[in-house]
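Reader: I would like to go through the terms used for this model and see what each one rests on. Please set each value against its cut-off.

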Amino acid sequence: METTHSLDSPLDSPLDFSLDQPLELPLDIESVKGFLDPLEGRALYRLAADASDLGPCLEVGSYCGKSTVYLGSACKLMHNSLFAVDHHHGSEEHQPGEEYHDSDLFDSRSNLMDSFHQFRSTMRAADLEDVVVPVVAPSAVAARHWNTPLGMVFIDGGHSLEAALTDYRSWSRHIVPGGYLAIHDIFPNPEDGGQAPYEIYKLALASAQFELVQMVKTLGILRRIQ
């Protein structure tokens with residue numbers, strides 16, 4: 001039997017991610033390329049800090065490092081580590097001719113989109129090179145022999161259904177009970193955006209292994225319960 005939860009009916013009282021609360025980041029976050037809303041970034045920061053007692057954090061889909069700065073800064077504060085998984089050749093929407101293609105990130109020598117140089121520059125500028133562990137590989141390859149329990153997983157990789165399912169199946173099983181699964185770009189209405197992240201969000205709830213904590217903009221926050 002499928003388990004469903006309304007996006008407007010979290011199981012816990014809302015966490016406060018107000019922009020009025022001061023949050024000191026090591027650089028001007030608006031200078032970093034990316035598609036993360038500041039409120040979503042604050043949520044990731046708070047979750048990474050809360051999860052640090054449970055194990056290291058991991059993100060899928062680092063791009064140029066905007067979300068990594070939020071997550072990594074919290075991990076640095078808590079003396080934790082962040083694994084940043086990305087092949088750095090971009091998702092479908094980043095390729096030449098697509099809506100979110102950035103010509104500055106296109107490597108004409110390899111004829112491929114390549115965000116890794118920009119990512120490393122961001123980590124260096126944010127002084128996070130001793131906290132963030134880049135894993136430059138496709139999600140399934142990075143997960144193939146993974147055995148480390150995780151306190152938090154943030155999924156913001158490819159937005160095709162195949163890619164999203166691969167990310168969910170590869171990493172959600174490594175989250176410890178009480179740990180968080182955060183999924184970006186959840187759009188219940190197909191007119192607002194792609195459906196793959198929403199599909200894995202529903203899959204996580206239907207598994208009875210996760211409960212909804214809160215929605216922050218398009219960021220779904222779930223907690224592993226078993």
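Reader: Which residues touch the most other members of the largest nonpolar core?

Author: They are L44, M152 and I221, in a core of 36 residues. This is a predicted model, in which local features need pLDDT of at least 70 and side-chain atom pairs count only at pLDDT 80 or more, while totals for chains, interfaces and linings use all residues. Residues are numbered from 1 along each chain as its sequence is written, and side-chain values use heavy atoms, with hydrogens and water left out.

Reader: What makes a set of residues a nonpolar core?

Author: The members must be buried Ala, Val, Leu, Ile, Met, Phe, Trp, Tyr or Cys residues, joined through side-chain atoms within 4.5 Å. Buried means under 20% relative accessible area, exposed over 50%, and partly exposed in between, with a 1.4 Å probe and protein chains only. In soluble globular proteins, nonpolar side chains tend to be buried together.

Reader: Why is R42 called buried?

Author: Its relative accessibility is 15%, so R42 counts as buried. R42 is placed in helix α1. Across the protein, buried residues make up 50% of the 226 residues.

Reader: What makes F83 and W146 an edge-to-face pair?

Author: Rings of Phe, Tyr and Trp (its six-membered ring) pair if their centres lie within 6.5 Å; planes under 30 degrees apart count as stacked, over 60 as edge-to-face and the rest as tilted. For F83 and W146 the centres are 4.9 Å apart and the planes are at 90°, so the pair is edge-to-face. F83 lies in strand β2 and W146 in the loop between α4 (139-143) and β6, so the pair ties together parts that are 63 residues apart in sequence. The whole structure has five aromatic pairs.

Reader: How do you know that C75 is in no disulfide?

Author: A disulfide is a pair of cysteine sulfur atoms within 2.5 Å. The nearest cysteine sulfur to that of C75 belongs to C57 and is 3.9 Å away, so C75 is in no disulfide. The structure holds zero disulfides. C75 has 0% relative accessibility and therefore counts as buried; C64, also at 0%, counts as buried too.

Reader: Why are the buried residues of α3 said to lie on the same side?

Author: The buried residues F119, T122 and M123 of α3 cover an arc of only 95° around the axis, which puts them on the same side of the helix. The arc is that of the directions from the helix axis to the C-beta atoms. The face turned away from the buried side carries the exposed residues H117 and A125.

Reader: What covers the buried residues of α3?

Author: The cover includes α2, β2 and β5 (132-135), where contact means heavy atoms within 4.5 Å. Just after α3, D127 takes a positive phi of about 55°.

Conventions:
Helix = DSSP H or I, 4+ residues; strand = E, 2+ residues; numbered from the N terminus.
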